[in-house]
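Here's a quick tour for anyone opening this structure for the first time. Have the sequence and the 3D view side by side as you read.

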Amino acid sequence: MNTIDVYILTGFVGAGKTTALNHLLQTEPLASANPALIINEFGKIGVDGALVQKQDLKRYDINKGSIFCICTKTDFLKALTEIAESKCHQSLLIEATGIAETVDIESFLDAPKLKEIYQVKANLCLVDAANFTRIAAFLKPAKTQVQYADALIVNKCDLVSESECYTLAKILENLNPNAPRTQTTNGKIDTDFLADIRHNIHNDKTLEQPPEDIIAVSISTEKPFNHEAFYRTLDDLKENLLRLKGNVNFNDGVKFVELAGTTITETDPSEELTKQNAAPTAFTAIAWKIDTEALKSTLLACSS
Amino acid sequence: MTGKERVKKAFRSEVVDRVPWVPFVGCHAGALLGVSAEKFLKSEKLIVEGVSKAVELYRPDGIPVAFDLQIEAEALGCDLVWAEENPPAVVKHPLMNGTALEDFRIPNAEDGRIGLVLRAARTLRSEHPDIALYGLITGPFTLALHLLGTDIFMKMFDDTTYVHKLLAFCKDVCVAMSRYYIEAGCDVIAMVDPMTSQIGPDQFTQFVTPYVTELFESIRTQDALSSFFVCGHAQQNIAVMAECKCDNISIDENIPLDYVRDECEKHGISYGGNLQLTSVLLLGEPIDAQKNAIACMETAGDKGFILAPGCDLPYATPQANLTAITEIVHDEYKRQVAAQVACERSDEDRLDLEEYGKADKVIVDIITLDSEACAPCQYMVDAVKRVTPEFQGIVEWREHKIKYRESLVFMTSLMVRNIPTICIDGEIVFVSRIPPKDELIAAIQKRINEKFRLRIQQRKASIYVLDSGCHKTDAMEENLKTAIRELGVDINVEKITDPEVIQSYGIATSQTPAIVVAKYQVKSLRRLPEVVAIKEWLKDLQ
């Protein structure tokens with residue numbers, strides 16, 4: 001029986017999936033394996049499609065806005081069955097929406113009758129260096145896509161500082177220590193890197209403990225913050241804090257504070273933002289290796 | 001008790017006479033009418049006809065008016081792409097395309113398709129007064145994603161205030177929509193918010209809890225019931241969902257039902273679900289649907305539970321799979337049968353009955369629930385009992401009552417799926433139908449003839465000439481060969497001279513020359529026969 005090799009691309013919007021997809025379609029082993037394409041993007045019918053260069057490809061759009069993962073399953077199974085029955089593809093590339101669970105997609109391929117035909121070769125996750133920590137605290141699949149990937153491609157490293165890049169590497173290492181990582185600035189994936197990828201690599205080493213969660217807390221309070229104590233706390237939390245953004249009501253006036261990586265900026269808040277906030281202090285912090293309650297109480301300890 | 005009363009009681013976690021059944025018929029009703037999802041969801045007349053058709057076919061206790069989470073989004077200016085067999089998809093998010101949040105107004109009862117759906121709800125209300133009507137509204141978080149797209153996940157950090165404003169607006173839309181539906185006669189407001197499965201409990205508490213709690217409170221003050229529908233991997237949020245003061249939580253197959261049961265019971269609310277949409281209802285057989293329903297019912301017990309699919313039924317769901325569930329919901333006896341079959345757990349429990357039916361006698365097996373307790377079973381057993389004497393001992397019959405485990409294993413091994421069933425030599429012959437005497441006799445006779453033919457084909461024999469040096473032996477051998485040649489049969493003649501072997505046949509050398517005939521019959525090839533099958537062969541040898 002002819003089998004079809006499957007490549008899965010995951011990653012949040014903006015991580016460079018479409019560029020990577022176009023690149024993959026033009027390189028071996030996909031270029032000569034008459035790939036079929038399944039595109040499952042949230043509310044984007046036709047948009048990514050226009051960017052996909054090879055127009056003669058057989059394409060299946062799975063949409064429904066991805067609202068019901070289970071209904072998506074029906075459409076996925078339908079597309080997979082059609083591709084298998086057409087008998088003219090030796091490969092399949094799936095571009096998954098940033099809000100899809102990788103395990104779901106792999107379970108679709110594992111359905112009876114389909115599992116003999118489809119073989120996942122690689123499940124690649126594109127990580128947007130500029131935005132990963134921002135998304136991961138809020139969107140569950142952003143983390144699970146990394147966790148279940150066979151390889152991680154970190155894109156847009158040129159847009160962040162070296163220290164941010166270093167922290168991101170540590171986070172990704174913690175989420176998925178088995179997956180090889182590569183950096184790219186344009187979504188292009190090195191062929192040698194691709195050739196070495198093995199599927200299900202995340203099973204290689206069992207983690208001794210679950211990966212550290214990336215959490216977000218929102219602080220909103222009337223109490224003023226001690227300016228000095230606040231910055232001391234930020235420094236104490238430097239191993240934990242990934243981002244922080246919002247208005248802080250210091251005893252000497254309200255400031256807009258933004259922390260990204262190791263850079264902290266403090267400016268006068270926009271009137272708009274101050275007007276909208278119910279309390280003079282309203283900011284959100286994203287951190288890891290610390291739990292929500294501990295982070296909240298440590299930050300609030302600088303207010304009185 | 002009417003369906004409406006049953007659903008209401010279950011929502012209040014009171015004991016009901018049987019489980020309430022609420023098939024979430026959405027665009028599937030279009031399939032029932034033979035029209036596309038688009039045509040269906042755009043027509044008041046077709047919605048009324050389709051839902052009424054579903055009521056007639058599936059005899060539900062409750063049913064949604066329209067299962068389409070894009071109705072509000074469309075009224076607010078989201079572009080939709082329509083499909084033949086799916087609800088439409090939102091393809092353009094207005095807040096990403098120049099519309100400001102301040103530009104939105106709460107849709108009125110006539111905007112977009114809201115008017116036609118509400119009119120359909122009114123008609124359905126008057127046509128089906130005894131059924132619980134579900135008005136479906138898009139939950140605030142999902143509606144926010146329709147309006148803003150996945151940028152919402154960025155904005156949760158970048159602009160928390162904006163996200164809260166957006167969600168507060170979406171909640172206002174929910175409150176208005178629920179009021180429209182309640183005024184149109186709906187009993188239950190199902191707030192469907194599948195996108196919440198994408199976030200964790202911390203974010204849920206921050207961005208969802210305050211809005212939906214207010215919504216459920218407003219539904220309660222209008223004397224209607226509320227259900228929180230979620231689908232996908234949302235297990236992490238069930239506990240915080242239950243704290244939002246909804247009356248019911250409805251989930252799909254991604255979350256174990258017992259987990260939801262325990263969480264909901266802790267909070268004193270009811271729950272529903274979680275029939276498997278694709279693998280069972282769409283792609284499975286009626287028996288799979290029944291098994292799945294029974295598993296749900298057994299997990300749930302007798303109160304506070306609504307039997308329902310995990311989500312909107314796929315357009316092409318076979319009617320038979322849903323009517324199979326309707327049958328066991330309404331018919332205690334059919335439920336028992338299906339429940340017994342559902343006990344079948346794994347393939348290891350199956351007997352290998354390939355060899356069954358190779359004995360000399362013809363065996364008639366009747367698979368029953370219990371002929372003393374089940375009238376059709378009794379008639380079937382009687383029918384067999386009456387005809388077997390006519391075969392003068394060649395035919396043997398047995399009843400297998402599937403209330404006993406070994407009978408159940410036997411039944412599943414023979415791939416029997418209906419009760420009662422007659423098998424002849426392990427082959428299913430009459431299913432759920434008592435055969436007239438002549439027909440039953442003919443079926444058994446057919447098998448006897450078949451066996452006879454097979455026996456002639458399969459049997460091989462040897463003739464042993466036991467010889468201790470007597471002069472008659474040569475002539476005897478010659479006669480045998482002549483007979484074999486003239487008959488044209490394929491029988492081997494062997495001369496045995498070893499005195500020990502001769503004695504092993506129980507023949508003394510003084511009794512030679514002697515002839516022993518041995519017939520061989522192939523009973524089993526390349527497999528391990530089960531003890532039940534071997535016993536049948538051994539009986540033939542005695």
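Where in chain A is the place of P29(A)? It sits in the loop between α1 (17-26) and β2 (35-39) of chain A. Keep in mind that this is a predicted model.

To find P513(B), look in the loop between α22 (499-504) and β16 (514-520) of chain B.

## Two lysines with positive phi

K156(A) isn't a glycine, yet its phi is positive, near 65°. You'll find K156(A) in the loop between β6 (151-155) and α7 (162-175) of chain A. Is K156(A) buried or exposed? K156(A) counts as buried, because it has 22 C-beta neighbours inside 10 Å, and 20 or more are needed for that.

Over in chain B, K245(B) also has a positive phi, about 65°, without being a glycine. Its place is the loop between α12 (238-242) and β7 (248-250) of chain B. K245(B) has 18 C-beta neighbours inside 10 Å, so it counts as partly exposed.

## Where the chains meet

Now for the contact between the chains: 37 residues of chain B touch 39 residues of chain A. On the chain B side, β3 (89-92), α8 (151-158), α9 (160-183), α10 (201-207) and α14 (277-282) each supply at least two residues. The largest share, five residues, comes from α8(B). Sorted by class, this side of chain B has 17 nonpolar, 15 polar and five charged residues.

## Helix α6 of chain B

Helix α6 of chain B runs over residues 114-127. Its 14 residues reach 20 Å from first C-alpha to last, close to the 20 Å expected. Several of its residues are buried, among them I114(B), L118(B) and A121(B). What covers the buried residues of α6(B) includes α4 (44-58), α5 (71-75), β4 (132-138) and α9 of chain B.

Take a look at α4(B) against α6(B): they pack at an angle of about 40°, with axes 8 Å apart, and the crossing is right-handed. From α4(B), residues including I47(B), V48(B) and V51(B) meet residues of α6(B) that include V117(B), A120(B) and L124(B). This contact has seven nonpolar, two polar and three charged residues.

Key: Residues are numbered from 1 along each chain as its sequence is written. Chains are lettered from A and ligands numbered from 1 in the order in which they are written. This is a predicted model: local features need pLDDT of at least 70, side-chain atom pairs count only at pLDDT 80 or more; totals for chains, interfaces and linings use all residues. Two residues are in contact if their C-beta atoms, placed from the backbone, lie within 7 Å. Helices (H or I, at least four residues) and strands (E, at least two) are DSSP runs, numbered from the N terminus. Ala, Val, Leu, Ile, Met, Phe, Trp, Tyr, Cys and Pro count as nonpolar, Asp, Glu, Lys and Arg as charged, and the others, Gly among them, as polar. The expected span of a helix is 1.5 Å times one less than its number of residues. A residue is buried if 20 or more other C-beta atoms lie within 10 Å of its own, exposed if 12 or fewer, and partly exposed in between; C-beta atoms are placed from the backbone. Axes are lines fitted to C-alpha atoms, for helices over the stretch in contact, and angles run from 0 to 180 degrees between N-to-C directions. A crossing is left-handed if the near helix is turned anticlockwise from the far one by less than a right angle, and right-handed if clockwise.
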